[in-house]
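Visitor: Could you walk me through this model, one question at a time?
Guide: Gladly; here it is.

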Amino acid sequence: MEQRKIAGIGNIYANEALWRAQIDPSRPGASVTLEEAASLRSSIVAVLSEAIAARGTSFRDYRDARGERGGFVEKLDAYGRGGLPCHRCGSKLIATHAIDGRATVLCVKCQH
Ligand SMILES: [Zn+2]
(Lines give C-alpha, C1' and ligand atoms only; values in the text may rest on other atoms or scores of the structure.)
Protein backbone atom coordinates (compact mmCIF):
# COMPACT_ATOMS: atom_id res chain seq x y z
CA MET A 1 0.00 0.00 0.00
CA GLU A 2 3.04 2.24 0.21
CA GLN A 3 2.42 4.69 -2.62
CA ARG A 4 5.53 6.79 -2.83
CA LYS A 5 6.78 5.00 -5.96
CA ILE A 6 3.42 4.35 -7.61
CA ALA A 7 1.34 7.23 -6.34
CA GLY A 8 -2.21 8.20 -7.00
CA ILE A 9 -3.84 4.86 -7.76
CA GLY A 10 -7.08 4.81 -5.78
CA ASN A 11 -7.32 2.71 -2.67
CA ILE A 12 -9.88 0.34 -4.19
CA TYR A 13 -7.72 -0.36 -7.24
CA ALA A 14 -4.54 -0.69 -5.14
CA ASN A 15 -6.27 -3.42 -3.08
CA GLU A 16 -7.43 -5.19 -6.24
CA ALA A 17 -4.05 -5.02 -8.01
CA LEU A 18 -2.15 -6.29 -4.93
CA TRP A 19 -4.61 -9.18 -4.57
CA ARG A 20 -4.17 -10.14 -8.24
CA ALA A 21 -0.37 -9.90 -8.05
CA GLN A 22 -0.47 -11.93 -4.78
CA ILE A 23 1.62 -9.31 -2.97
CA ASP A 24 1.14 -8.58 0.74
CA PRO A 25 0.04 -4.90 1.01
CA SER A 26 2.06 -4.39 4.21
CA ARG A 27 5.41 -4.99 2.47
CA PRO A 28 7.66 -1.97 2.02
CA GLY A 29 8.03 -0.98 -1.64
CA ALA A 30 11.79 -1.61 -1.53
CA SER A 31 11.26 -5.32 -0.70
CA VAL A 32 9.31 -5.96 -3.91
CA THR A 33 11.40 -7.84 -6.50
CA LEU A 34 11.60 -6.81 -10.17
CA GLU A 35 9.48 -9.82 -11.12
CA GLU A 36 6.83 -8.89 -8.54
CA ALA A 37 6.90 -5.25 -9.68
CA ALA A 38 6.26 -6.38 -13.27
CA SER A 39 3.38 -8.56 -12.10
CA LEU A 40 1.96 -5.69 -10.03
CA ARG A 41 2.26 -3.34 -13.00
CA SER A 42 0.29 -5.74 -15.24
CA SER A 43 -2.32 -6.16 -12.50
CA ILE A 44 -2.73 -2.37 -12.13
CA VAL A 45 -3.17 -1.94 -15.90
CA ALA A 46 -5.69 -4.81 -16.04
CA VAL A 47 -7.70 -3.60 -13.03
CA LEU A 48 -7.88 0.00 -14.28
CA SER A 49 -8.81 -1.11 -17.84
CA GLU A 50 -11.57 -3.38 -16.53
CA ALA A 51 -12.85 -0.68 -14.15
CA ILE A 52 -13.00 1.87 -16.98
CA ALA A 53 -14.80 -0.64 -19.22
CA ALA A 54 -17.32 -1.22 -16.41
CA ARG A 55 -17.74 2.58 -15.94
CA GLY A 56 -16.04 2.68 -12.56
CA THR A 57 -16.86 1.33 -9.12
CA SER A 58 -20.03 2.67 -7.52
CA PHE A 59 -20.53 2.68 -3.80
CA ARG A 60 -23.51 4.43 -2.25
CA ASP A 61 -24.91 7.15 -4.53
CA TYR A 62 -22.15 7.73 -7.04
CA ARG A 63 -23.32 7.98 -10.65
CA ASP A 64 -21.43 8.72 -13.84
CA ALA A 65 -22.19 11.63 -16.19
CA ARG A 66 -25.13 9.71 -17.67
CA GLY A 67 -26.57 8.93 -14.22
CA GLU A 68 -25.57 5.28 -14.33
CA ARG A 69 -23.87 3.25 -11.64
CA GLY A 70 -20.38 1.87 -12.26
CA GLY A 71 -20.39 -1.90 -12.69
CA PHE A 72 -16.92 -2.75 -11.37
CA VAL A 73 -18.19 -3.13 -7.79
CA GLU A 74 -19.57 -6.54 -8.78
CA LYS A 75 -16.14 -7.64 -10.03
CA LEU A 76 -14.12 -6.76 -6.93
CA ASP A 77 -11.95 -9.57 -5.55
CA ALA A 78 -10.59 -7.81 -2.45
CA TYR A 79 -11.90 -4.33 -1.61
CA GLY A 80 -15.08 -4.40 0.51
CA ARG A 81 -14.92 -8.22 0.84
CA GLY A 82 -13.39 -8.58 4.33
CA GLY A 83 -14.66 -11.79 5.97
CA LEU A 84 -15.77 -13.29 2.65
CA PRO A 85 -13.98 -16.19 0.92
CA CYS A 86 -11.01 -15.40 -1.33
CA HIS A 87 -11.99 -15.93 -4.99
CA ARG A 88 -8.65 -17.70 -5.57
CA CYS A 89 -8.11 -20.00 -2.55
CA GLY A 90 -11.32 -19.84 -0.50
CA SER A 91 -9.67 -18.55 2.70
CA LYS A 92 -11.44 -15.81 4.63
CA LEU A 93 -10.23 -12.35 3.54
CA ILE A 94 -8.90 -10.03 6.27
CA ALA A 95 -9.94 -6.36 6.47
CA THR A 96 -7.57 -4.03 8.29
CA HIS A 97 -6.81 -0.36 8.82
CA ALA A 98 -3.39 -1.17 10.30
CA ILE A 99 -1.50 -0.37 7.09
CA ASP A 100 -1.22 3.44 6.83
CA GLY A 101 -4.77 4.00 8.09
CA ARG A 102 -6.65 3.16 4.94
CA ALA A 103 -9.08 0.29 4.41
CA THR A 104 -7.09 -2.70 3.16
CA VAL A 105 -8.43 -6.16 2.38
CA LEU A 106 -6.09 -9.06 1.73
CA CYS A 107 -5.79 -12.83 1.68
CA VAL A 108 -3.04 -13.85 4.09
CA LYS A 109 -2.87 -17.28 2.45
CA CYS A 110 -2.11 -16.19 -1.11
CA GLN A 111 -0.60 -12.69 -0.74
CA HIS A 112 3.05 -12.74 0.35
ZN1 LIG B 1 -6.49 -16.47 -1.21
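**A walk through the model**

Guide: Let us start with Ser43, which is found in helix H2 (residues 34-53). Helices here are DSSP runs of H or I with at least four residues, strands are runs of E with at least two, and both are numbered from the N terminus. Please keep in mind that this is a predicted model, where local features need pLDDT of at least 70, side-chain atom pairs count only at pLDDT 80 or more, and totals for chains, interfaces and linings use all residues. Residues are numbered from 1 along each chain as its sequence is written, and side-chain values use heavy atoms, with hydrogens and water left out.

Visitor: Is Ser43 buried or exposed?
Guide: Buried means under 20% relative accessible area, exposed means over 50%, and partly exposed lies in between (1.4 Å probe, protein chains only). Ser43 has a relative accessibility of 9%, so the residue counts as buried.

Visitor: Which backbone oxygen does the side chain of Ser43 reach?
Guide: Contact means heavy atoms within 4.5 Å. Not counting residues up to four places away in sequence, Ser43 touches Ala17, Arg20 and Ala21. At 2.9 Å, its side chain reaches a backbone oxygen, that of Ser39.

Visitor: In what order do the elements of the protein chain run from the N terminus?
Guide: The protein chain holds 2 helices and 2 strands. From the N terminus on, their order is α-α-β-β.

Visitor: What share of the 112 residues in the protein chain is buried?
Guide: For contacts with a separation of 6 or more, residues 24 or more positions apart account for 48% in the protein chain. As for burial, the share of buried residues among the 112 in the protein chain is 39%.

Visitor: How many residues of helix H1 are buried?
Guide: Helix H1 spans residues 11-21 and is mostly covered. Among its buried residues are Tyr13, Leu18 and Trp19, and what covers the buried residues of H1 includes H2 and S2. Of the 11 residues in H1, the number buried is 10.

Visitor: Which residue meets Arg20 in a salt bridge?
Guide: A salt bridge is a side-chain nitrogen of Lys or Arg within 4 Å of a carboxyl oxygen of Asp or Glu. Arg20 is partly exposed, with a relative accessible area of 23%. The side chains meet at 2.8 Å, N to O, and the partner is Glu50.

Visitor: Why does the pair of Arg20 and Glu50 tie together parts of the chain, and how many residues apart are they?
Guide: Arg20 lies in helix H1 and Glu50 in helix H2. The pair therefore ties together parts whose separation in sequence is 30 residues.

Visitor: How many salt bridges are there by this rule?
Guide: Besides the pair of Arg20 and Glu50, the side chains of Glu36 and Arg27 meet in a salt bridge at 2.8 Å, N to O. Glu36 counts as partly exposed, at 23% relative accessibility. The count of salt bridges is 2.

Visitor: What is the arrangement of the donor atoms around the zinc ion?
Guide: Donors are N, O and S atoms within 2.8 Å of the metal (3.2 Å for Na, K and Ca); water is not among the atoms, so sites may look incomplete. The zinc ion is coordinated by the SG atoms of Cys86, Cys89, Cys107 and Cys110, at 2.2 to 2.3 Å. Four donors count as tetrahedral if all angles lie between 85 and 135 degrees. The 4 donor atoms here subtend angles of 100 to 122°, which makes the arrangement tetrahedral.

Visitor: What spacing do the donors of the zinc ion follow along the chain?
Guide: Cys86 is found in the loop between H2 and S1, and at 5% relative accessibility Cys86 counts as buried. Cys107 is buried too, with a relative accessible area of 0%. Along the chain, the donors follow the spacing C-x2-C-x17-C-x2-C.

Visitor: How far apart in space are Cys86 and Cys107?
Guide: Leaving aside neighbours within four places in sequence, Cys86 is in contact with residues including Trp19, Cys107 and Cys110. Cys86 and Cys107 are 21 residues apart in sequence, while in space their distance, C-alpha to C-alpha, is 6.6 Å.

Technical notes: Polar contact = N/O pair within 3.5 Å; in protein donor to acceptor, adjacent residues only side chain to side chain. Tetrahedral: all angles 85-135°; square planar, octahedral: opposite > 155°, others 65-115°.
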